[in-house]
Amino acid sequence: MLDGIKNIIFDFGGVLYNIRYENVPEAFEKFGVPELKNLYSKTSQTDFINLFEEGKISARQFIDEIHKLSPIPLTDQQIIDAWNAILVGFPKERANLLRALKNNYHLFLFSNTNQLNYDEFYAEMKKNLGYDLFSEMFDGAYFSQNLHIRKPHPEGFKYIIDKHHLNPSETLFIDDSPQHIEGAKKCGLKTHHLKDNETVEQLFSFVKY
């Protein structure tokens, strides 16, 4: 898998950071908003969520859209907490894996996320690790709400390839969503689809750290 590979682009949620998509619609359903299960999943989501992940609407606008869906009055904080329920946590040993990989590969990150989730996991990880993982471990870390491009659109991958002068045939992209893998392939990247029963530690079981 790594023959001829010099660069690795990681997805974040579902690959490095543990998440559970089902937590979000389940949390909203407890609040009396069952519609989210039809609007948000690992493979697809509604337009206003896409726009939020692309940084094209603000957190305030996103929260207001959720208010419109709710048949009962929710507080902003209830909405934020339910939305952030997707975040399970970052195993500290994965930082050690990244540090070991960094000795032999150029590491990059490309994540579809949004400002509410980002603010939550960034603060949590900075507190638990004691440093900024994204600047410490990666040659470049790119988030959809800042790049204004979501996977699987090839333009996002092309931006990273061009900015860092990467040879796609020497670059491996790892993601847990099959549609994102297809977007990466369109740019000539080598890919690995991390299955539901597979962890990144298993994928790099040969690495000593």
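This is a predicted model: local features need pLDDT of at least 70, side-chain atom pairs count only at pLDDT 80 or more; totals for chains, interfaces and linings use all residues.
Residues are numbered from 1 along each chain as its sequence is written, and side-chain values use heavy atoms, with hydrogens and water left out.

**View 1. The five-stranded sheet, strand by strand.** Reading across, the order is β5-β4-β1-β6-β7, in an open sheet with parallel pairing (strands are DSSP E runs of at least two residues, helices are H or I runs of at least four, both numbered from the N terminus; strands pair if DSSP finds at least two bridges between them). At the edges sit β5 (140-143) and β7 (190-193), each pairing on one side only. On average, neighbouring strands of this sheet are turned by 20° against each other, direction ignored. Helix α11 (residues 178-185) packs on the sheet and touches β6 and β7 (contact: heavy atoms within 4.5 Å). The direction of α11 makes about 175° with that of β7 (axes are lines fitted to C-alpha atoms, for helices over the stretch in contact, and angles run from 0 to 180 degrees between N-to-C directions).

**View 2. Strand β1 and its partners on either side.** Have a look at the four side chains of β1: Asn-7 and Ile-9 point one way, Ile-8 and Phe-10 point the other way, and all of them are buried (buried is under 20% relative accessible area, exposed is over 50%, partly exposed is in between, with a 1.4 Å probe and protein chains only). Towards β6 (residues 171-175), β1 (residues 7-10) is joined by four bridges, and the two strands run parallel. On that side, Ile-8 stands opposite Leu-172, while Ile-9 has Phe-173 as its bridge partner. Towards β4 there are four bridges as well, again with the strands running parallel.

View 3. Most of β4 (residues 106-111) is covered, with five of its six residues buried. Four bridges link β4 to β5, and these two strands also run parallel. Leu-109 turns up again here: its bridge partner in β5 is Ala-141.

**View 4. Helix α1 and the glycine that follows.** Along α1 (residues 23-30), the buried residues include Asn-23, Val-24, Pro-25, Ala-27 and Phe-28. As a reminder for reading such a list, an α-helix has 3.6 residues a turn, so residues three or four places apart point the same way. Just past the helix, Gly-32 takes a positive phi of about 90°.

View 5. Rolling a probe the size of a water molecule over the atoms shows where empty space is left. The count comes to one cavity of 30 Å³ or more (a cavity is a set of points, on a 1 Å grid over the protein atoms alone, where a 1.4 Å probe fits but cannot get out; lining residues have an atom within 4 Å of a point). The largest cavity has a volume of about 30 Å³ (the space filled by probe spheres set on the points, which are joined across faces, edges and corners). Phe-90, Lys-92, Glu-124, Met-125, Asn-128 and Leu-129 line this cavity. Helix α7 (residues 115-129) supplies the largest share of the lining, four residues.

View 6. Asn-84 sits in the loop between α5 (76-83) and β3 (87-89). Asn-84 counts as buried because its relative accessibility is 9%. Not counting residues up to four places away in sequence, Asn-84 touches Leu-116, Asn-117 and Glu-120. Asp-119 belongs to helix α7 and is partly exposed, with a relative accessible area of 41%. Asp-119 and Val-33 are 86 residues apart along the chain, and their C-alpha atoms are separated by 24 Å.

View 7. Leu-194 is in the loop between β7 and α12 (200-203). With 1% relative accessibility, Leu-194 counts as buried. Leaving aside neighbours within four places in sequence, Leu-194 contacts Gly-14, Val-15, Ile-174, Asp-175, Asp-176, Thr-199, Val-200 and Leu-203. Ile-57 is 137 residues from Leu-194 in sequence and 30 Å from it in space, C-alpha to C-alpha.

Definitions and conventions. On a 1 Å grid over the protein atoms alone, a cavity is a set of points where a 1.4 Å probe fits but cannot get out, and a pocket is an open set with protein on both sides within 12 Å along at least five of seven lines; lining residues have an atom within 4 Å of a point.
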